[in-house]
Amino acid sequence: MKRASIIMIVGALCLLGLFAFPLWNIMLGAPQYPDPLGMNIHITGIQGVSEFDLQNIDGLNHYIGMKTIPKADEMWEFNVFPIVIIGMVLLGVLLGILGYLGKIDYRYFLGWFLLMSILGIMGMYDFNLWLTDYGSNLDPHAIIKVINEDGTPMTYKPPLFGYKKLLNFDVSSIPATGAWLMFVGMALTVVAFLVGWKSTGSHSSHQNHKLATS
Amino acid sequence: MKKYSLYLVAILGSVLFLSGCGDQNGKASSNGALASNNAEKVYVAPGEHDEFYAFMSGGYSGNVAVYGLPSGRMFKEIPVFSQFPTNGYGYSEETKPMLETSFGFIPADDSHHPDISQTNGELDGRWLFINGNNTPRIARIDLKTFETAEIIEVPNSAGNHSSSYITENSEYVVAGTRFSVPIPQRDMPIKDYKGNFKGALSFISVEPETGSMDIKFQLIMPGFNYDLSHPGRGKSHGWFFFTTYNTEEANSLLEVNASQNDKDFIAAVNWKKIEEYVENGGGTMVPANYTHNVYSDETHSATSTMKKEVLTVDPTKVPGAIFFMPTPKSPHGVDVNPTGDYIVGNGKLSADLTVFSFDKMIAAIDGKKFDGEAYGLPILKFEDVLAGQVKSGGLGPLHTEFDGQGNAYTTFFISSEVVKWKVGTWEVIDRKPTFYSVGHCMIPGGNSRKPFGKYLVSMNKITKDRYLPTGPELEHSAQLYDISGDKMELIYDFPTHGEPHYAAAIPASILAPKSQKIYKLAENEHPFATKNVSDARIVHDGNEVHVYMAMIRSHFTPDNIEGIKVGDKVYFHITNHEQDFDVPHGFMMIGQKNSGLLIMPGQTKTSVWEPKQEGVWPFYCTDFCSALHQEMQGYVRVSPAKSNIDLSWSLGE
Ligand SMILES: [Cu+2]
């Protein structure tokens, strides 16, 4: 159980990577942008991959009537997400310590994982809502209006995950370093659960065996 | 096709050329498999980049043109000593000071010899220097931005031809005078030239961090013509070599009178010794009048200051610093090989090349073996300093470059060819014709300790049948030779702009990563910049109107201006708010008398417009910038001089 608790603590601490590395990365390439434009979505705000990418993305988007990319203080998420992450790290570390001291058992580790997964899914859902709004809530005075084959106005929502062609742009959207660290951290808490389960489980099976032979 | 050179040869009655080159056939190599092989060698596929940047002087265009090698594609023309309507250089208020001289505003010159800055004798790709030949000037081009960053005028000089070569750590760029003149200039009979005219060799220091130039000293030499120069390198670092002609000091019909002496001189100048002399307080500060023009990437503006004195050095006051080496038949080019051991003097009226040994020169100096003196300066004995002669069989040798593998390549103007020979044995290895009348040749890094001996470019004066006729004048022709094998291979020719005298080239791998893509708007310190769109405004000051304008795809802020009156002088100070590579915007205004502007991302430029007629007059962006480029426009309403319409401006109202 001690080993499991240490793995739990390490797993929870991996989430701190989100403060150093971006969570998500969206790249936009086109023939006239041989060096693609890109944005890194951090839990604290959005940054350009290169210094002036955000300005240049906004410059392009104004033709199709998209809003400018929000600043950190324009979205509540960038205030709440860091607090949630810090909270989950503290909770995870606390559970690890309590496990180490033998105050709680391994099932709490899985509980943390489930809670984190629910929060993560909620985060992704929120992120997707924002992308949808960003890509489809267009200025009615936009100078370029593209109509889909079915007659509906084209939206410019980047994919939540993966690749999509938007007009002349190749758009890719993939988790970035911070997210990978988070996934690793979450996986470690599952490992912590399994290790904890196994150590207690083998202990009990040993006892069972003893019982059977006595 | 051969008729022209044969004709010249016939006139000169040269048997040498006929026997040496009679079997040349320039078009032989353009047949069959060889030709397609050559096509592959120069082909740079779409999207791929050239291996070298070549900077070719534009001669009477006053500019520098940048070409890719091996493709021969022209990338860019850099305005230096001339106005350039393409982007407003020399027309915009910010760049007009670059062309100020002590003679006033001079928007033309004759640019000759570019040279790239060096560190430890190797190209470092920081700056390119080039001389203005006519109104003596030296310019420094910043190779981050490919813009002219500084121009210094050279007083006491005339025909700034033996320039602008640099020493191996870019300590100095030299500006040697071709014409000797009275120093200081004064009213005197021309026939009294001899003994009274002087030749100034100026050593311009280059500040190691910024590149900033300053004339450290001028050597006031005897009244010869100082034709070309080259720095020593390696062991001969610290010396500079200048060819002379007209050691006769004739002042009329020089084609005859300056060709009487069998030998003129190469002047060997120990600049380190003179530097030491100057640093110990030597030399005489004399009154002078010359401009120093500096462009700033922060203010996007140039300033011109007038300098009032210059330090001159009488060479006879610095014993052991200057020696003359007699060199046959009016030497033109003087070139030092990469190791610095040999100095090649090319007598342009001779068939042979004269090669001096630096070691022998030092030994002769140490042994004080002099053959008289000229104006108090010792003349070395020809035989004492001679390393060897290249019996070339060509006629009219001009310039020599080196490949870094112990071979030299000399151009021959009269016999129109490049001759490859071996340094040390002086034997001729190969020769190839040029089309036609070649001046300089250039090997990338050829003026350094580390030549990149893969290509040679010959710069030809006459083009004749090489290209489709386009009227009586054709652009000059450059020819590209593959020199990687034993034999030179002519693989390509391409037209050049103006009259390319000389060129300097550097691997793209050194320059391309340093290239600046935009100017940061946040770092724009132009006094009239509009860094925030909300600061766009118009200020009236007497009859001067200052329009603070911003531009971004695809509009100007403001785009409607009223309250301008006939007789006003309207300054459009326009700031480009783009921060994206290669997205300049242009500005032209109906009736604008100077030039349009091309404004780089993050940059501010100013154009003056003086309305003479009432009306509503449009302006627009000239550089196709987006799908809505045509919509990037605006109007200025011009009212009668006495009207009381208030100044107003708007966008989107
Ligand atoms: Cu434009």
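Visitor: How many residue pairs are in polar contact between domain 1 of chain B and domain 2 of chain B?

Guide: The model is a predicted one, and side-chain atom pairs count only at pLDDT 80 or more. Between domain 1 of chain B and domain 2 of chain B, eight residue pairs are in polar contact, with both residues at that level of pLDDT. By class, the side of domain 1 of chain B that touches domain 2 of chain B has three nonpolar, seven polar and three charged residues.

Visitor: How many salt bridges does the rule find across that interface?

Guide: The rule finds zero salt bridges between domain 1 of chain B and domain 2 of chain B.

Visitor: Which residues of chain B belong to each domain?

Guide: The domain assignment places 6-386 and 394-514 of chain B in domain 1, and 521-651 in domain 2. Taken over C-alpha atoms, the centres of the two domains of chain B are 43 Å apart. Their contact draws on 13 residues from domain 1 of chain B and 16 residues from domain 2 of chain B.

Visitor: How is the size of such an interface expressed, in general?

Guide: It is often given as the accessible area that is lost when the parts come together. For domain 1 of chain B and domain 2 of chain B, about 1200 Å² is buried between them, with 52% of it on carbon and sulfur atoms. In domain 1 of chain B, the residues that lose the most area to domain 2 of chain B are Glu93(B), Glu94(B) and His300(B), which together account for 37% of what that side buries.

Visitor: What area do chain B and chain A bury between them?

Guide: Chain B and chain A bury about 790 Å², of which 46% is on carbon and sulfur atoms. The contact involves 12 residues from chain B and nine residues from chain A.

Visitor: How many salt bridges and polar contacts link the two chains?

Guide: There are two salt bridges between chain B and chain A. One salt bridge joins the side chains of Asp35(A) and Lys517(B), at 4.0 Å from N to O. On the side of chain B that touches chain A, three residues are nonpolar, four polar and five charged.

Visitor: Why does the radius of gyration of chain B agree with that of a compact globule?

Guide: The general idea is to set the value against the one that the globule rule gives for that number of residues. A compact globule of 653 residues would have a radius of gyration near 26 Å, and chain B has 27 Å, so the two agree. Along the principal axes, the C-alpha atoms of chain B fill a box of roughly 85 × 65 × 45 Å.

Visitor: What radius of gyration does chain A have?

Guide: Chain A has 23 Å, but a compact globule of 214 residues would have a value near 17 Å. The box filled by the C-alpha atoms of chain A is roughly 85 × 35 × 30 Å along the principal axes.

Visitor: What secondary structure do the chains contain?

Guide: Chain B has eight helices and 46 strands, whereas chain A has five helices and five strands. Read from the N terminus, the elements of chain A follow the order α-β-β-β-α-α-α-β-β-α.

Visitor: Where in chain B is a peptide bond cis?

Guide: For this feature one reads the omega angle. The bond from Ser163(B) to Ser164(B) is cis, with omega near -10 degrees, and Ser164(B) lies in strand E10 (residues 162-166). Another cis peptide bond joins Thr557(B) and Pro558(B), with omega about -5 degrees. Pro558(B) lies in the loop between strand E38 (555-557) and strand E39 (560-565) of chain B.

Visitor: Which residue has a positive phi although it is not a glycine?

Guide: Asn120(B) has a phi of about 50 degrees. Asn120(B) is in the loop between strand E6 (115-119) and strand E7 (122-132) of chain B.

Methods:
Residues numbered from 1 in each chain as written. Chains lettered and ligands numbered in written order. Predicted model: local features only at pLDDT ≥ 70, side-chain atom pairs only at ≥ 80, totals over all residues. Heavy atoms only, no water. Domains from an automatic or database assignment. Contact = heavy atoms within 4.5 Å. Buried area = accessible area lost by both parts, 1.4 Å probe. Polar contact = N/O pair within 3.5 Å; in protein donor to acceptor, adjacent residues only side chain to side chain. Nonpolar A, V, L, I, M, F, W, Y, C, P; charged D, E, K, R; others polar. Helix = DSSP H or I, 4+ residues; strand = E, 2+ residues; numbered from the N terminus. Rg over C-alpha atoms; globule rule 2.2 N^0.38 Å.
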